[in-house]
Amino acid sequence: QVSDADTMLNYINANAEQPKRVTVFTKPGCPHCTRAKKALIEAGYSYEEINLGVKGLSYSTLAAVTGQGTTPQVFIDGQRVGGADDLEAWLVSR
């Protein structure tokens, strides 16, 4: 009996690589956020976007969660990659 997608994938192919879990903190109108999201898409990554200014999320939230006060902030598998420039460097190193 399979309970979730990760368990099913492990059952089907225990050696399969799990997809990266990517989260991007953004704000509306941010050109660096747009650049980071475009770079992720072009590299074949899906991502969850957390948009500041929506549902009470603010720069205070961003600083509390990431320790940073600028957008974008990109996290891959729980590790902070950084902003758009940092992400582009990370992608090149892969």
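**A threonine and its sheet**

A polar contact of 3.4 Å links the side chains of T23 and E48, where a polar contact is a pair of N or O atoms within 3.5 Å, one able to donate a hydrogen and the other to accept it, and residues adjacent in sequence count only if both atoms are side-chain atoms. This is a predicted model, in which local features need pLDDT of at least 70 and side-chain atom pairs pLDDT 80 or more, while totals for chains, interfaces and linings use all residues. Residues are numbered from 1 along each chain as its sequence is written, and side-chain values use heavy atoms, without hydrogens and water.

Reader: Is T23 buried or exposed?

Author: Buried means under 20% relative accessible area, exposed over 50% and partly exposed in between, with a 1.4 Å probe and protein chains only. Because its relative accessibility is 18%, T23 counts as buried.

Reader: Which strand holds T23?

Author: Strands are DSSP runs of E with at least two residues, numbered from the N terminus. The run that covers residues 22-26 includes T23, and this is strand β1.

Reader: Which strands stand at the edges of the sheet?

Author: Four strands form an open sheet of mixed pairing, in the order β2-β1-β3-β4, and two strands pair if DSSP finds at least two bridges between them. Each edge strand has a single partner, so one side of it is left without a neighbour in the sheet, and these strands are β2 and β4.

Reader: In β3, what is the bridge partner of V24?

Author: β1 and β3 run antiparallel and are joined by four bridges. In β3, the partner of V24 is V74.
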